[in-house]
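The sequence and structure come next.

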Amino acid sequence: MNAEKALRQALKTAQDGSEVLEGLVFDHIDVSALDFSELVYRQLSLRACRFTGCDFSGAAFYGCILTNCQFTDCRFPVSYWKACRFDGCKGDGGDFRRGRFKDCSLDGSIFRYANFTNTVWDRCTLDKCSFSESSLSECKISRTSFQTVDFTGAELFRTPFKGMDLSSCILDRVSLSETCAELKGTKIHASQAAVVARILGIEVVP
């Protein structure tokens with residue numbers, strides 16, 4: 001049985017009764033428009049897999065490792081992620097609204113034009129990731145580390161980053177409230193101050 005057939009069979013078995021996929025490894029599968037919603041995934045390993053237009057709504061992921069995978073226009077609303085790792089993944093245009101991420105690691109992953117509105121992030125690490133042109137409005141973020149994260153053109157409205165270090169991140173053209181309250185108590189680099197000044201309508205003279 002090839003990898004795609006094995007995945008489809010495991011998915012059907014879970015949907016028919018167990019509702020859990022556990023300890024499975026899949027390499028180089030390419031599927032589209034599949035329904036993965038409302039299932040539990042434990043210790044799942046995905047390597048170089050591609051998912052297009054798939055539905056993961058309400059799914060829960062525990063200890064899963066996703067390496068060099070692509071999730072194009074996939075839906076993950078109200079999903080839950082615990083101790084998961086994204087390494088070199090792409091989730092362009094993904095819908096992650098109201099998702100929860102706890103003890104997760106995202107490294108070298110790209111989520112352009114994705115929707116993370118109302119998500120919760122707790123004890124996560126984001127390193128060399130891109131959220132350009134994405135929505136991260138009204139999120140709750142705590143004990144989370146951001147290293148070299150690209151927020152170019154991202155919407156950060158009503159998402160407080162108090163106590164966090166964004167000094168290595170790109171904040172060009174981010175959308176904030178008129179008072180820039182989102183960045184209150186945040187550590188930023190001197191070169192990023194001009195971004196905040198422009199939002200506040202302050203002209204910085206060289």
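## Terms and basis

A polar contact is a pair of N or O atoms within 3.5 Å; within protein, one must be able to donate a hydrogen and the other to accept it, and residues adjacent in sequence count only if both atoms are side-chain atoms. The model is predicted: local features need pLDDT of at least 70, side-chain atom pairs count only at pLDDT 80 or more, and totals for chains, interfaces and linings use all residues. Residues are numbered from 1 along each chain as its sequence is written, and side-chain values use heavy atoms, with hydrogens and water left out.

## Helix H1

Helices (H or I, at least four residues) and strands (E, at least two) are DSSP runs, numbered from the N terminus. At the start of H1, the backbone nitrogen of Glu4 lies within 3.3 Å of a side-chain oxygen of Asn2. Glu19, which follows H1, has a positive phi near 60 degrees.

Leu7, Ala10, Leu11 and Ala14 of H1 are buried (under 20% relative accessible area; exposed is over 50%, partly exposed in between, with a 1.4 Å probe and protein chains only). These residues are on the same side of H1, because they cover an arc of only 100 degrees around the axis (taken from the directions from the helix axis to the C-beta atoms). The face turned away from the buried side carries exposed Lys5, Asp16 and Gly17.
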